[in-house]
Each structure stands twice: as structure tokens, then as C-alpha cells.
Amino acid sequence: MQKRGLLGIEPLTAAEIQPILDRARFYQPLQARTGKKLDTLRGKMIIHLFYESSTRTRTSFEIAAKRLGADTVTITAKGSSVDKGESLLDTLNTLAAMRPDAIVMRHSASGAPHFLARYLETPIINAGDGTHEHPTQALLDALTILDHKPSLAGLRVAIIGDIVHSRVVRSNLYLLTKFGAHVVLCGPPPMLPREFECYSPNVTRTFRIEEAITDADVIMMLRVQLERHGTFLDSSANEYFRSYGLRLEHLQAARPDAIVMHPGPINRGREIGSEVADFPRSVILNQVENGVAVRMAVLDLLLTGSLSRATEELPKAGT
Amino acid sequence: MSDPSQDLLIRNGRVIAPSQGMDTQADVLLREGRIAAIGPNLAAPQAQRLDASGRIVAPGFIDLHTHLREPGREHAETIESGGRAAAAGGFTSVLAMPNTRPVNDNAAVTHFIIQTARQQSPVNVFPVGAISEGSRGEQLAAIGEMREAGIVAISDDGMPVMNSGLMRRAMSYASGFGLTVIDHCEDLDLSAGGLMHDGYTAVRYGLGGISSTSEEVMVARNILLAAETGAKFHVAHLSTAGSVEMVREAKRRGLPITCEVTPHHFTLIDEDVTNYDGNYKMKPPLRSRKDREALLQGLADGTADAIASDHAPHPGSEKMQEFEMAPFGIIGLETALGLALERLVHSGLIGLTRLVELFSVNPARIAGLDRGTLKVGAAADITIFDPERRWTYDVNQTQSRSRNTPFHGHSFRGGPVTTIVAGKVVWQVEK
């Protein structure tokens, strides 16, 4: 039996992603309207299960579900059976026994939703798993880019920062290269292993931010995940910003219509200068707004049955 | 006096005993736990008969690397259940790693293991003693006392000795007893946070990498220390191309360095780790395609001395977790021979004589055991296997208490048929 859900971008084809983006575009105007609530998902129950702290993603999913008329329950790791030593599988089986229509899940362990999907019939939407994937972030990033560019094909997208620890990067690498964009990854070598070039021939690496930004159409900045580096990183913001922080003068090398993105939360003065975050072609808040439209599209297509192939098991490597 | 009706005559098998240069069609007569005679058409009218035609009769297989979990983690395995799994895999002896609870770091624990095995295990169990107290890597364990009690080697397997000074002292001390020092070579600082081989698959899955160098720096360190101290040093579950090359060079220089390779490392690679399945999680991790090629080459050219299972039972509840939460290790006693036949023999890489060296002759030598031979008077430990028998591994039928294997459902060509310990049949395949 084919399971429904959205575990990642990797197993999807461009032809499967396109309808989600189209549907998201359909929901975009709704965000600016008064009276935003629809009844598309009336009577559906969605559990939001967040094992890792999250403000924007959790709120965005909840708002998306509510705007579609679904009922929602939110569980965070604190105050649940998680604290009582129950295994993840037992917790999820318990929740699934209450017959929700979908489980939206954020977990600090890479592959946690993929592991659960082997045992659960309930559709799972991955709201970020460890350092693996964050599919709705890549979808909302694509939607945001397409608000400013006619197409993803041929774009030069620079992604700069803590690449190795970023699930946003991995989902974006899949999505952007499936649509023909060229991705330049940039960061200090310990945050940018050479294996990242294996994702696609359209992925290149550089350790120099100036080189990454040259002729870029899109500049995507990432937070340094200090908590994942242990003691092996000079943790001063200044040391990082000096070599890898995005400053206003860098943008002169980019295309004149280049946009600046950041999945948040942003650390001003570490990976991005304050004046860049607030600069007119920064689309950081548009990303947040598009997040709701994209998540509405995913929930809609998933719970009305049109998104079925997204949870297929991870294919083996070797392209 | 001898009762001939208790004798066992293994008839008409292909007897392969590399230690005496034997590969011949013959009968083998076992009497009072010893090899009594080998030759064509032996006359032993009162002996029980075992037809071995079409099968290989070899000196009993010895697994240099088994975790029996008893004492302390009997829900995962016991000396009895692990012993039965060994017998079902064609092994007549196993070396029991010391990372039990308590750790086998003194004679009392060693005695317990030996006594329990004598009463409950169908196969011989030879304990490996800890290098350091509690395997904490701080102070040497009571190695001399444990040797008197019956340990055959020392190792802090699973909790590798990071302190080079302590390892140097351990090797020096062990050399006085002629004990082999076995090391699980892993620099814990280099492997910290790692869950699988450091390569593209780890990056793709967002799982922390365990670099090849985390093994290789310790192999290098230990070779240097062994050369300095004169100790016999054995690399446990060697997994990388770089390690193979270093052992090859050490042997070229005449150092007493040996190594073992596990069936899972010469069979699977990192790309086979599927769907965050904890049954593919072990240390060292499944390496790259290039590393596997080097291991196969090392097994063929004599660089690798032994095949060892690193049988590491964990209950299903522990493996059925997020990948990062699942413990490292898989069971392997029952699939070792099948995988070796498939990957090494049927692939044309090695012949059956070399296979018997890897499973029996060399492990006996490394552990200093008076076994691995079919000489008259030797212990009557015998492995009979059929290189062609077709069978499918169903882990639900395993003799082990645990089921953590990536080989469930695997179809094999060739496997064990009869396991004989001290002249007694302890396991026989179902017809």
C-alpha cells in the first residue's frame, strides 16, 4: 500500500513538486485578505508534534491548518510522555490510535519521520528532521524566489553558512537542482565537506563569500548552528562575520536584482549584517508569509488525496 | 576405558586441514574428544556414522570476536544462547569479548564465564580479558590473574584505549605472557557524534560521519607501539583501505601484526544503509565501495588473517529507534560462513583452503589455541559445511536472543551442516 505524506524533497520529481507550488500560489492572495478561513479541511484533525523548539515553522503549520478549517492539537516534547521515557515509536503509535488525519512532525534526529513511516499508516509531514530535510522550507523558498524571478531554471543561487548542519540546504539542493538552478555553496571548510558536490553536477563549492556572490540571482544565508559544533569552533560572532558574514558591499558583485533570503532565525552581526537584513531586496519576511501558503497547499493536497508519492522510501544513492 | 560405541566416524567427506597440508577425500574418526584417525575407508564397526559425502570437513571454526552479553545483559544474549548461535553458524569456539556488566577485568568474572560456558554452552568459550579496569582506560586490569583463570587475549573492545601511554604499557606487559592484544581501533575524538561512514551517504542522510582516519590513526599508533614493545597486536574488525595498507606494510616488515575482517564489512557498504534502519548501524561503520574492495583484496592476498563475526546482540526494542538512538552492532554468527562463501569463494576470490585458514587455522594461532588442526590427538572440534546448500536466513528462527541483522531474508548458497565439539554433534542443519 502506498503511504501518503511528505517526508522530503529527495523522492519527488519536479512534476510532483510543481502542483504544490501551483496550489500554494492559489493560496497566496488569501494571506492578505480579511476573513481568511476556509472549510477545505473541515472535520480533519492534524497533530503537530514538535520534539525540537520551533517558533516560525510550528506557528506557520498551525495557522495553515486553521485557515483550511482543520482542527489541530499541538504537542511539544516538554510535558508529554517523551519526558517519561517512552520510545518515539510507542508515542507515535499512541497518537495514531486516536486517528488523526495527519501528523506534522519536527524532530532533532535525522530520519526520525522516515523511521516512523515504516510502522505508521497515518500520513507524516516532515517539519524538519535533524540535519536531513525540511521540505516545506524548500517549497516556500522556491515560491518566494518565483515571486521575483520568472523561473528557477538557470538561476545562480548562492547558499552561504553552516552547510553541513543544515536541513534547509539539503531540501533546497534537491528542489533547486531538480528545476535546473545552479547552486553555489559557501562556508568555512569544516562546515562544507566536499561530498556536497555529489548532490548534482549543478552544485559547486567555494570557501570565499565574494566568489559565491558574484553574479548570484539569489543569496540565501544560513545560521551557524553553534550547538552542533561542540568546542571546535571559535564561537565569537566577530570571527565568523569577518570572513563569512554578508555585508552590504558584497551585494555589488551580485546581479542587480538579486534577492537575499534567510530561513531564520537570523543572527544579526554573525552571518548577516543588520543593514542587509533590512535592505529592500531582502525577502526574509516574504519567506515567512509564503510559508503559510505552502503549508496550506501541502495539507490540502495531502488530506484531499492528491499528494501520494512523497513518502516513498529513500532511494539508494548512486546517480 | 574407551567405549567404541561412543566413537564418531565422519565418512567420505572432503577433508581440508591447511595446517597439515591436507585436502583429500577421507574418513575422520573421533574418539574420547580427540581426533583418533584420518584416512580412506577407516574401519570402526562400532562407531556412530556420519555421512559427509559432498561436504567439507574442516577443523572447527573459531570466532575471534563474539559478544555474549552475560553477565549483565542477559535480555540480549546469554552464554548459552550465544553458544547455540555459534554452533548454528558452524563455530566450535568463540572468543567472548570482555565488555559485559561487570566487565571481565578480573579472575572472578573470567571464572564465571568459563564455568557457565562449561555447563551451558554447546561450543568452547574462550574469554578475552579487559586491558584496563572496567575498560575505563585508566589503569591496567589484573591481566596475569585473568590469564591464569583462562583468558586468551586482552582487549577493551567497544571502549578503545585512548591513552597511548596505557596502551604501550598494556602491550609491554602482555608480551611477557605472550598474550595477543586486540584493539578496536577508534579515536573517540575523531569519531565523536558519528553514526555512519563519513561519505556522501552520511551527508545525504544528515547523519554524523565516522571518518576512516578515526580508525587509521589508531591502527598506526598500535603498530608503532607493537613494534616498540614486541607485543602481538591484532586489529579487530578492520574496515578501511588505509588500515589494510598499514597492516600489509607491517607484515612486510615482519612485525607480529594480525587483523580480522567481518562478513558485513566485506559484504555491505555505506550506500546499503537504507531508510534509517538501525540494523545497518555498527562500529566500525559500513565503509565505502573502495574500502570494501581493499578488504576483499586483503582477504585474498593474506593481509587479513581471519574472518570474525563481531556478533553484537541488541534487543529489538533498542534497535527500533531513531537511527541516532539505536546502539551500534549486529548479530553475525549464523550468517558469517554463508556470506564468506558467497562473497569470497563463489565469487572466485579465494579457495576453500584459504577459507578454512581464515575461519579456523589463523584464529587458533592468533588466540594461541591448540586447535585449528585435524592432527591425530587434537581436540575433536569439527565444522562440516556444504558449499552448495541453498538456504534462506530467517532471523525469527535464530538461536540468538536478539534479531538485529541486516541479512534477514537473505538467500545463501552454502552454509554449515554439522558442528562437532569435543567429538559430539552439537548442531545439525534441519534436513
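Domain bounds here come from an automatic or database domain assignment. On that basis, chain B splits into domain 1 (4–57 + 379–389 + 414–428) and domain 2 (59–367). Before going further, a word on the ground rules: this is a predicted model, where local features need pLDDT of at least 70, side-chain atom pairs count only at pLDDT 80 or more, and totals for chains, interfaces and linings use all residues. Residues are numbered from 1 along each chain as its sequence is written, while chains are lettered from A and ligands numbered from 1 in the order in which they are written.

Back to chain B: the C-alpha centres of its domain 1 and domain 2 lie 29 Å apart. Where they meet, domain 1 of chain B puts in 18 residues and domain 2 of chain B puts in 21, with two residues counted as in contact if their C-beta atoms, placed from the backbone, lie within 7 Å.

Which strand gives the most to the domain 1 side of chain B? At least two residues each come from β1 (8–17), β16 (382–392), β17 (411–421) and β18 (424–428) of chain B, and β17(B) gives the most, with 5 residues. Strands (E, at least two residues) and helices (H or I, at least four) are DSSP runs, numbered from the N terminus. That side of domain 1 of chain B has 11 nonpolar, 5 polar and 2 charged residues. Ala, Val, Leu, Ile, Met, Phe, Trp, Tyr, Cys and Pro count as nonpolar, Asp, Glu, Lys and Arg as charged, and the others, Gly among them, as polar.

Now for the contact between the chains: 24 residues come from chain A and 18 residues from chain B. On the chain A side, α3 (88–96), α4 (112–117) and α6 (167–178) each supply at least two residues, and α4(A) has the largest share, 3 residues. By class, this side of chain A has 10 nonpolar, 8 polar and 6 charged residues.
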